[in-house]
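Welcome! Please take a look at the sequence and the model, and then read on.

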Amino acid sequence: MIDLYNILRDNWLLLLVGQYPNGPMGGIVCTLVLSVLGIALAFPLSVLMALARLSPWRILRWPTTALVYVVRGVPLLMVILWVYFLVPLLIGRNVSGFTTMLCTLVIYEGAYLSEVVRAGIQALPRGQLEAARALGHSYLGAMWAVILPQALYNMLPSLLSQFVSAVKETTLGYVINVQELTFAANQINNQLLTKPFHVFFILAVTYYVVCYSLTQLAKWLERRVMRKRQGQLGTAPAALPATAAPAET
């Protein structure tokens, strides 16, 4: 325990923010920034991909379905390497490891979130889409104004759970020198040399605390959404007043 305390006392700033402000941002702050930006940028892409997969037009549905299956069917490390070597070829210059990992998370999380969005849309009664179309909305207008607001609210717990996954996925940024939390822990281990168990135990506990807290928040949101949905379903319309029977003649 004394060794753990000493390692934390001497290296807490490196684990927290890396070498910032004297160098690039790193540590747990870099991990959380990568995760937040990855989910934030992947979410609009996932909505477009989900709508394309649900669209009646094959020219949109088939390529999007193929992309989702390919991205979901390969390891994340493979996607990181594809982006790492492909992006410089496309733009003609090298990019940082942070940018490479961010692009990877946007593609990878976009594919996974698109299935969450698609499931949320399909979970709604189909009669709502038909009613919106009957009121004069186009297909896209009905999706935007009627279906998506309800689906996205119901998907909040799943979105937060995917954010937890993104936090853990950032650990693979270590292979392309992204200075996130795992990279910082490895720097500490290289300095100490004789205490790898202590260093990576601290790393594991840090990830556990962050992910467990976010998971509990996701469960709380899920219960809140469920209670609201049950309250809406349990609300019965007020009984119409009985009309007086016509007088017999």
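Accessible areas here come from the Shrake-Rupley method with a 1.4 Å probe, and for residues only the protein chains shown count as cover.

## About the model

This is a predicted model, in which local features need pLDDT of at least 70 and side-chain atom pairs count only at pLDDT 80 or more, while totals for chains, interfaces and linings use all residues. Residues are numbered from 1 along each chain as its sequence is written, and side-chain values use heavy atoms, with hydrogens and water left out.

## The overall build

The chain has 10 helices and 0 strands, giving the pattern α-α-α-α-α-α-α-α-α-α along the sequence. Helices (H or I, at least four residues) and strands (E, at least two) are DSSP runs, numbered from the N terminus.

The chain has 249 residues, and 38% of them count as buried. Buried means under 20% relative accessible area, exposed means over 50%, and partly exposed lies in between (1.4 Å probe, protein chains only). A contact means heavy atoms within 4.5 Å. Among contacts between residues at least 6 apart in sequence, 72% join residues at least 24 apart.

A salt bridge is a side-chain nitrogen of Lys or Arg within 4 Å of a carboxyl oxygen of Asp or Glu. By this rule, there are 2 salt bridges. In one of them, R53 pairs with E115, with the closest N and O atoms 2.4 Å apart. This pair links distant parts of the chain: R53 is in helix α2 (residues 27-54) and E115 in helix α5 (residues 97-122), 62 residues apart. Both R53 and E115 are buried.

E115 also meets R118 in a salt bridge, at 2.9 Å from N to O. R118 and E115 are separated by about one helical turn, because they are 3 residues apart in helix α5. Salt bridges that share partners join R53, E115 and R118 into one network.

T64 lies in helix α3 (residues 58-73) and is buried, with a relative accessible area of 12%. Leaving aside residues up to four places away in sequence, T64 touches M49, A52 and R53.

I147 belongs to helix α7 (residues 139-154). Is I147 buried or exposed? I147 counts as buried because its relative accessible area is 3%.

## Patches on the surface

Patches are made of residues with over 30% relative accessible area and no salt bridge; like charges are joined within 9 Å, and nonpolar side chains (Val, Leu, Ile, Met, Phe, Trp, Tyr) within 5 Å. L77, L81, Y84, F85, Y174 and V175 make a nonpolar surface patch of about 530 Å². Y174 sits in the loop between α8 (156-169) and α9 (181-192) and is partly exposed, at 34% relative accessibility.

Positive charge gathers on the surface too, in a patch of K219, R223, R224, R227 and K228. Lys and Arg count as positive and Asp and Glu as negative, while His and the chain ends are not counted. The place of a charge is taken as NZ of Lys, CZ of Arg, CG of Asp or CD of Glu.
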